[in-house]
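Open the model in your viewer and keep the sequence panel beside it. This tour tells you what to select at each stop and what you will find there.

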Amino acid sequence: MDRRGEYERKLALSPQARAADYSLLTDEERAELERRRRIVLDIEAVGRPSEDQVRKAAADFGIGVRQFNRYRADFRVTQDILCLARGQSDGGRGGLRLNPQVEKLIEDVRLEFDRDRPNTKEHHIAKEIRHRCITRGLSAPSPKTLRSRFAGVPIRQRVAAKYGSKWARERYDPLRGKTPPTNFPLERVQIDHTLVDVVCTGDHDRQHLGRPWVTIAIDEYSRAILAFVLSWEYPNATTIALLMARILTPKEEWLKSTGTTVEWPMWGKPSVIYVDNARELSSNAVVFGCNANSMSPPERRPAGRPHFGGIIERFMGNAMDKMRLLRGSTADQRGFGKERTRDPNETAEMSRSDLELWLLEQICEQYHHTAHSGNRMQTPYKAWHRGIYGTEKAPGIGMPPVPPDKRKIFLDFAELQHRTIQRYGIRWDALYWDEILRPFLDSGTKKRFIVKRNPYDMSRIWFLHPDEGRYYEIPAADLTLRSIALWEWRQAKARERVEGDPTDESRVAGSVERQRALEVQARNKTGAHKRRMNQQRRADAKAVGQELGLTELTPVHTQRETNTPAGNTMPRSPQRRGGTFGVVTRE
């Protein structure tokens, strides 16, 4: 179709097209056209009307003088009454000029794709709109019109339809409020976890295993990292227990076990730990550990407000950004497009222990000695040192005391259960027994005791003595139970169930039916035997009565007669059991 034909097609669908057909006009519109024609004919009959006459005729016509003269000229040339019809507005600049059905179809298709197919592009939506317009006999809008319609929808509204209101709120809502400022180290410690953007290998076979989780704690005052835990499992109570043990105690023993020589002097008991709304960060075990170590319960940041934990979020974002340089990184923005990005499983080279050493170097040797813009351009190392030992202007809080029992700290925050003590001991997946439990065997089935365990070691649990407040190690009742992880033990049990001999269900069902039939036969035999014995007794009694010339037999109860007042006779219910027959003779 040429340009002229496209223009004529659009003109035919314009608002003025309705007035171009006299048969489509209503009676009121036709009467209005006749009134206008008489006004134009009257002014034309004058020949050369004056300005006052033209102004008065334009006022009667209902428009201005200049527009009235245009109508006079058009009618003078065409002599067509339809040229006097009032023109309809096309909406003005920015107005909608499409058919309302097409407008509704555009909105419906856009909402459908945003909700059900969020990853599609706009040209896919435009193609579907044109297809539906053609099938419904409607004029398809141009690509430019569709782009303007898509651009007219607020981006927040489209993101909410695609990925949910939470995602849209976190990206586009204004940031209001923040955590209160801190004045000394360990006043508030933020804890959070994330999935590492690097695929790691095994320590022995060097085959890729997946992406580990990292749980990090940061001091708000100095911006120093207090501890981190790198694990394969999703963060749980054991992960938090290990993290708290590293926060509250010196790290020399752990650093020595990793083989590194870095210095990490940040440790101590925080006044408050600040966490997000993850369940594992504010579980009963964490609350119990805080109470046992004279700490306040965890404070949660407001739901849907991640900027309240912005300090730890920014550090994790920067750390993940630096990990993009590692081989095996899962990031897709590394200086080239996705089409040239290799599979991270193929390029993975670092094991979990290697990545742990890399993080130690990154934190202790680089981050702690780099000026922090959010900390008055102090390095976290110097800010911690000044907060602990003080300066000329402000005193420090002093070195925190060293906890006497590091294992107790770990157990205070470890996974917690309330269990009863039975004759076989304590059942927690496996059975556990020790002589320390013997005094509590008579405590009954209602009283429960606190027990802790490390899911990485199923060979023992720890029992909290209710009177002494100490933890006692309780070994497994099965001495052959090795030091294996909980999930390995459960997998072994599941494998035993799968690999065991299958139950012959049909044979068992048949045996049950035969047992029930035997029960019915035994009941019938017993009933028949009792009936025969009763009949035999009645027959024998009747025969004895006939020999003695007796007329009837009445039961005489062996129970002692009670003394009843005269005139008060109480009826007795007949009793056959436990009685004898008395002989009544006929007089």
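## Stop 1: helix H5

Select helix H5, which has 17 residues: at 1.5 Å a residue they should span 24 Å, and the end C-alpha atoms are 24 Å apart, which agrees. The expected span is 1.5 Å times one less than the number of residues. Helices (H or I, at least four residues) and strands (E, at least two) are DSSP runs, numbered from the N terminus.

Before you go on, two notes on the source. This is a predicted model, where local features need pLDDT of at least 70 and side-chain atom pairs count only at pLDDT 80 or more, while totals for chains, interfaces and linings use all residues. Residues are numbered from 1 along each chain as its sequence is written, and side-chain values use heavy atoms, with hydrogens and water left out.

Now colour the buried residues of H5: Val102, Glu103, Leu105, Ile106, Val109, Arg110, Phe113 and Asp114. Look down the axis of H5: these buried residues fall within an arc of 160 degrees, so they line one face of the helix. Buried means under 20% relative accessible area, exposed over 50%, and partly exposed in between (1.4 Å probe, protein chains only). The arc is taken from the directions that run from the helix axis to the C-beta atoms.

Turn to the other side of H5. Pro100, Gln101, Lys104, Arg115 and Asp116 are exposed there. Then show what covers the buried residues of H5, which includes H6, H7 and H8.

## Stop 2: H5 against H8

At what angle do H5 and H8 pack? The angle is about 50 degrees, and their axes are 6 Å apart. H5 and H8 are therefore oblique to each other. On the H5 side, the contact is made by Arg110, Asp114 and Arg115; on the H8 side, by Gln157, Arg158, Ala161 and Lys162. Contact means heavy atoms within 4.5 Å.

Axes are lines fitted to C-alpha atoms, for helices over the stretch in contact, and angles run from 0 to 180 degrees between N-to-C directions. Angles under 35 degrees count as roughly parallel, over 145 as roughly antiparallel, 65 to 115 as roughly perpendicular and the rest as oblique.

## Stop 3: helix H6

Select residues 122-135, which form H6. Which residues of H6 are buried? They are Ile125, Ala126, Ile129, Arg132 and Cys133. They cover an arc of only 130 degrees around the axis, which puts them on the same side of H6. On the other side of H6, look for exposed His123, Lys127, Ile134 and Thr135. Move on to glycine 137, which follows H6 and has a positive phi near 75 degrees.

## Stop 4: H2 and H3

Select helix H2 (residues 27-45) and helix H3 (residues 51-61), which pack at about 175 degrees with axes 10 Å apart. That makes H2 roughly antiparallel to H3. Show the contact residues, including Ile39 and Ile43 of H2 and Val54 and Phe61 of H3.

## Stop 5: two loops

Find glutamine 79 in the loop between helix H4 (65-78) and H5. Its phi is positive, about 55 degrees, although glutamine 79 is not a glycine. At 53% relative accessibility, glutamine 79 counts as exposed.

Jump to serine 294, in the loop between helix H12 (284-292) and strand E7 (299-300). Serine 294 has a positive phi of about 55 degrees, and is not a glycine.

## Last stop: zoom out

Of its 587 residues, 35% are buried.
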